[in-house]
Amino acid sequence: MTTNTVQRNLWASVLVVLVLLLYWTESTRGYFAALDETETNKNCFCELEGSINDCSCDVDTVDHFNNMKIYPRLQSLLVKNFFRFYKVNLKLECPFWPDDSRCAIRFCQVENCEEQAIPQGIKENGEHKEKSAAFKYTREAQTDGGSCSEVEDFDSALGFLDTSISDQAHREFELWAKHDEAEEDFCIVDDHEEGSQYVDLLLNPERYTGYRGESAHRIWKSIYLENCFGGNNETANKFSSYVPHMDLRDVCLEQRAFYRIISGLHSSINIHLCSKYLLSESKDFLDPQGIWGPNAKEFKRRFSPETTGGEGPHWLRNLYFIYLVELRALAKAAPYLRREDYYTGIAEEDDEVKLAINDLLSVVESFQSHFDENALFSSGIASIKFKHDYKEKFRNISRIMSCVGCDKCKLWGKLQTQGLGTALKILYSEKLNLATESGLWDKPHIEADPIFRLSRTEIVALFNAFGRLSNSIYEMENFRRVLR
């Protein structure tokens, strides 16, 4: 074979590889590709299409899956008693600046629920089935439920081995157990602190309250400041406000994902405010609620390319990114969530909720293109620091939510932040991985203190936060129809 023939064959092979690579890139847009320029000059800028960058599916797939399968199921599930009562502390002081911007508008106030409206099973907080990690060391655990009585065992006094420990040591074990559990948390959980109360989410829907201006801007500016991963001054300045999508090309996947998650949460909340906007404030004392509905003009102001420097459509695309992150968390935790009792003490409704949960989780698991959590934190020693930084930054964001001047906004901000933090806890929990790999969820009975556990508040926040994202994508379709 001549040299020219070899060269021709080699060039032919290279050409074939390039063609295949070009086809793959065009069809998938590359799983880890940075954000590309998208067409934003359409009549309806919110008619997104194509790949959700950093994820392996496209917008149309998520739209259909959510609007046809997920949204209607969540709407019927989240009105149930287990999910409508959320325990939260709205009285914590802002740890970062003086609390000098309380919202005086009446729509900012949280309507308290009647004590008798809260199911007894929820108020008991699941004590009938949940013991702390340190319970096994108490005298009660050592003596309760024995198989023989003192009458039957004549030598019990001689053969008894006191395996319980002192009250002081018991308290230390409790502190250790709480510390171990908190190590995997991505947000601050304050539902057990003094001042916490149950709030009926159905009585306090998320909607536009009139809370705006410098106070609201300061909250989001502080949240976006958390995108600075300890870089130099130039990096810090770049992450101190909304990041132009083109600049995301220059940062690593973990930083890009962090920003897109926060941006997606911000977009989702803005859509809620636009879809439940105060169109007319009622002056009637007997009907003080006002008229609420979609405000397409406000939606366009917040997201159109003309008013956002071309960034609005990219912010909307980030909504799909965080949706896929939380969708994947539900799928990963599905074996654990199926074991939950969802106990309120109302037997018939508890059974209905368990059936609805099983149905929803089956649909969630059927999705073909889940977010791949293993793509993050996969670069050795550097990943350990990134993962630690993620936790610290999300915990700080949950602290910032205590600075929101509007109580109703604070309620939903805390809930959605905690739901997101719970999703990240699920995705990156070594304990959950260990429990799943050991086949723990397949066993007929699980010990009172399993390897991995979510509190009732975390579960309520997880499902309601995902419900908010699902609602945002559904409302996007309504705004598309109006803006066409």
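**The contact of α2 with α13**

In this predicted model, helix α2 (residues 59–77) and helix α13 (residues 312–337) have axes that come within 11 Å and cross at roughly 60 degrees. Because angles of 65 to 115 degrees count as roughly perpendicular and those under 35 degrees as roughly parallel, α2 is oblique to α13. The crossing of α2 past α13 is left-handed.

On the α2 side, the residues that take part are Val59, Val62, Asp63, Phe65, Asn66 and Ile70; on the α13 side, they are Arg317, Tyr320, Tyr323, Leu324 and Leu327. By class, the residues of this contact comprise eight nonpolar, one polar and two charged.

Helix α10 covers residues 253–275, and its 23 residues should span 33 Å at 1.5 Å a residue. The C-alpha atoms at the ends of α10 are 32 Å apart, which agrees with that expectation. Of the 23 residues of α10, 23 are buried, so α10 is largely enclosed by the rest of the structure.

Helix α11 (residues 296–303) holds glutamate 298. The relative accessible area of glutamate 298 is 9%; because buried means under 20%, glutamate 298 counts as buried. Leaving aside residues up to four places away in sequence, glutamate 298 touches Cys274 and Tyr277.

Key:
Residues are numbered from 1 along each chain as its sequence is written. This is a predicted model: local features need pLDDT of at least 70, side-chain atom pairs count only at pLDDT 80 or more; totals for chains, interfaces and linings use all residues. Side-chain values use heavy atoms; hydrogens and water are left out. Axes are lines fitted to C-alpha atoms, for helices over the stretch in contact, and angles run from 0 to 180 degrees between N-to-C directions. Helices (H or I, at least four residues) and strands (E, at least two) are DSSP runs, numbered from the N terminus. Angles under 35 degrees count as roughly parallel, over 145 as roughly antiparallel, 65 to 115 as roughly perpendicular and the rest as oblique. A crossing is left-handed if the near helix is turned anticlockwise from the far one by less than a right angle, and right-handed if clockwise. Contact means heavy atoms within 4.5 Å. Ala, Val, Leu, Ile, Met, Phe, Trp, Tyr, Cys and Pro count as nonpolar, Asp, Glu, Lys and Arg as charged, and the others, Gly among them, as polar. The expected span of a helix is 1.5 Å times one less than its number of residues. Buried means under 20% relative accessible area, exposed over 50%, partly exposed in between (1.4 Å probe, protein chains only).
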